[in-house]
Amino acid sequence: MSQKPVLHAQGLTKVIGNKKLVNNIDLTIYPGEIFGFLGPNGAGKTTTIRMLVGLADMTAGKVTIAGYDLEKHFEKAISHVGGIVENPEMYKFLTGYQNLIHYWRMCKGVPKSRIDEVVNQVGLEKRIHDKVKTYSLGMRQRLGIAQALLHSPSLLILDEPTNGLDPKGVKEMREHLLQLAREENMAVLVSSHQLAEMELMCDRIGIIQNGSLIGVKEMREFRDEPTRKIRIIADPIQKAHQLLQQFLNTPVEQQDHALIMEVEHEKIPDINHFLVNENIKIYAIMHINQTLEDRFLEMTGGNSIA
Amino acid sequence: MPNFLRLLQNENMKIYRRTGTLAMIGILILVTIAFASITKYDESGYLFGAPTKQNNWQTELQQQITHDKQSLQEEDLPKPYLDSLKEQIALNQYRLDHDISPNEGTLWGFMVNTDSLTALIVLFTIIVASISVAGEFTWGTIKLLMIRSSTRSKILLSKYLATLGFAVSMLIVLFLFSLTCGALLYGVGNLSSPYLVYEHGGVVEKSMVLHIFTLYGLRCVSLLMMVTFAFMISTVFRSSSLAIGLSIFLTFTGNTIVGILSGMNVSWAKYILFANIDLTPYFQGSAPLEGMSLSFSIIVLSIYYLIFMALTWILFNKRDIVSGD
């Protein structure tokens with residue numbers, strides 16, 4: 001990407017006592033992209049995010065947001081960031097609208113009409129004057145997004161935004177984030193431990209394990225992969241295994257009554273034709289949906305991330 | 001600094017939109033009414049109308065003087081007690097000579113007593129101060145507060161000032177409400193009666209209004225110290241219950257602790273915060289403990305104040321914000 005990055009983190013490190021929670025993380029995020037920060041609980045996602053928004057001091061490293069050094073020019077740098085860290089905690093004794101007024105007062109040069117705009121954007125018009133203690137988690141999550149959008153930030157940082165949401169809420173959140181990135185050219189950093197979720201909305205994914213960033217990949221690379229894993233259920237299985245081994249140049253693995261192999265998409269009809277000609281009964285041929293985790297495991301050398 | 005004013009607005013919103021705060025104001029008003037009614041009833045046996053009892057205050061004072069003079073004859077009296085007896089006699093004699101009735105049963109007399117109700121304000125302000133910082137940690141809202149473009153110092157200052165603002169509002173409510181209750185129950189006669197002090201071996205007349213303001217003002221000193229203390233505890237421990245509990249415990253036992261320590265002749269007792277927090281003795285011509293003076297107490301209080309403030313600010317600015325879990 002040729003655009004200037006919104007967020008640039010270099011050598012981000014956090015040490016508490018003799019424990020290295022975050023180890024030398026480099027991160028660059030560009031406008032208009034959704035960057036997924038993936039890792040199991042306790043891998044250091046939240047600690048990293050805390051440092052990115054100035055909630056925690058970094059032991060070493062440098063963070064630049066929209067060109068401003070986070071430590072030296074905190075107020076300027078952070079004014080480009082909107083976010084939710086962990087749960088969307090709000091003042092429960094206030095109404096949703098009063099909560100937004102509270103955060104609006106802390107933004108410089110934003111007209112008050114912007115409050116109604118973000119309320120409409122997250123679809124909370126009907127309940128915005130109710131006290132937050134009557135809100136469901138999904139509504140609080142929406143209110144959290146609304147407060148993060150108040151000052152039209154160039155970087156949106158959301159820690160586990162789909163945590164605790166029902167499937168409908170997750171879908172809405174995903175569509176919302178995609179819209180913000182595509183239409184408003186906002187850079188979005190989301191963290192999650194849910195791989196499938198990330199796969200659906202992220203442009204790039206960085207995987208964090210034991211405090212280290214072990215790989216950053218573009219989602220496109222995964223989607224356009226030339227070969228895919230398939231599973232064939234056939235009878236007699238032994239004969240089919242031998243024949244296929246000769247027919248294909250790739251290894252074929254046998255699992256009970258199924259054969260598993262990695263082939264190019266175009267080759268699947270040929271395989272079918274070949275086996276039928278050899279009088280093998282075919283019950284099924286199907287794709288194996290490799291999870292993001294599997295692929296990351298391959299990429300990162302099989303270290304367990306869970 | 002319009003941005004800072006908006007932060008103050010936020011803090012005020014968070015104080016006064018809480019049901020608990022409104023309950024505090026309600027309780028303060030109810031207690032003032034109850035206090036006024038009970039005092040009046042206890043003094044005169046009825047609630048409304050000016051007391052008639054003061055008609056024979058001369059005889060009562062005369063009896064008191066005779067009694068005190070008899071006490072003076074007794075041997076082995078400790079010197080402080082002796083001094084206070086002499087002072088009492090001089091003051092009472094002055095009242096008889098100049099026809100100044102004692103303040104019992106008058107509006108001013110009542111107002112002098114209401115200053116003890118500031119203890120309630122100390123209690124409430126400690127709660128508000130403790131929730132102001134620690135509450136944000138308990139609610140988890142501190143994170144969203146800190147990732148806005150305001151420095152931590154500005155946010156902390158807005159919280160501190162809003163809390164002090166709450167204390168001042170409560171004092172004004174108490175003062176005005178006491179004045180109203182007092183005026184209704186005692187009437188507004190006798191307002192010109194002076195406040196008598198025994199100074200340098202003689203009786204001096206002073207303004208009663210000034211005396212009442214001084215009493216309230218001195219209560220503000222301990223209010224300020226205890227609120228700053230609670231503010232510090234809630235920043236250090238990030239727990240409002242601990243801050244509330246510890247501050248209230250010390251407020252109400254501080255004097256006793258100092259008393260016990262000074263009874264044991266501990267030399268450093270005079271450096272304890274609670275030995276200095278009540279400045280009223282200095283204005284009545286004595287000192288809380290031997291070797292203390294008004295300027296000594298002011299210096300000790302200032303040092304405590306600076307330490308509280310420095311700790312609060314340094315910790316709030318430096319420490320990482322971690323979640324409750």
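These legends describe close-up views of a predicted model.

**View 1. Packing of helices α3 and α4 in chain A.** Helix α3 of chain A spans residues 96-104, and helix α4 of chain A spans residues 113-122. Their axes lie 10 Å apart, at an angle of about 125°. Angles of 65 to 115 degrees count as roughly perpendicular and those over 145 as roughly antiparallel; α3(A) and α4(A) are therefore oblique to each other. The crossing of the two helices is right-handed.

**View 2. Residues at the contact of α3(A) with α4(A).** From α3(A) come Y97(A), L100(A), I101(A) and W104(A). They meet I115(A), D116(A) and V119(A) of α4(A). By class, six of these residues are nonpolar, none is polar and one is charged.

**View 3. The interface between chain A and chain B.** Chain A contributes 33 residues to the contact, and chain B contributes 32 residues. About 3,100 Å² is buried between the two chains. Carbon and sulfur atoms give 54% of that area. On the chain A side, L55(A), R105(A) and M106(A) stand out: they supply 26% of the area that chain A buries against chain B, more than any other three residues.

**View 4. A salt bridge between chain A and chain B.** The side chain of K154(B) pairs with that of E75(A). The N to O distance is 3.3 Å. In total, four salt bridges are counted between chain A and chain B.

Note on methods
Residues numbered from 1 in each chain as written. Chains lettered and ligands numbered in written order. Predicted model: local features only at pLDDT ≥ 70, side-chain atom pairs only at ≥ 80, totals over all residues. Heavy atoms only, no water. Axes fitted to C-alpha atoms, helices over the stretch in contact; angles between N-to-C directions. Helix = DSSP H or I, 4+ residues; strand = E, 2+ residues; numbered from the N terminus. Parallel < 35°, antiparallel > 145°, perpendicular 65-115°, else oblique. Left-handed = near helix turned anticlockwise from the far one by under 90°. Contact = heavy atoms within 4.5 Å. Nonpolar A, V, L, I, M, F, W, Y, C, P; charged D, E, K, R; others polar. Buried area = accessible area lost by both parts, 1.4 Å probe.
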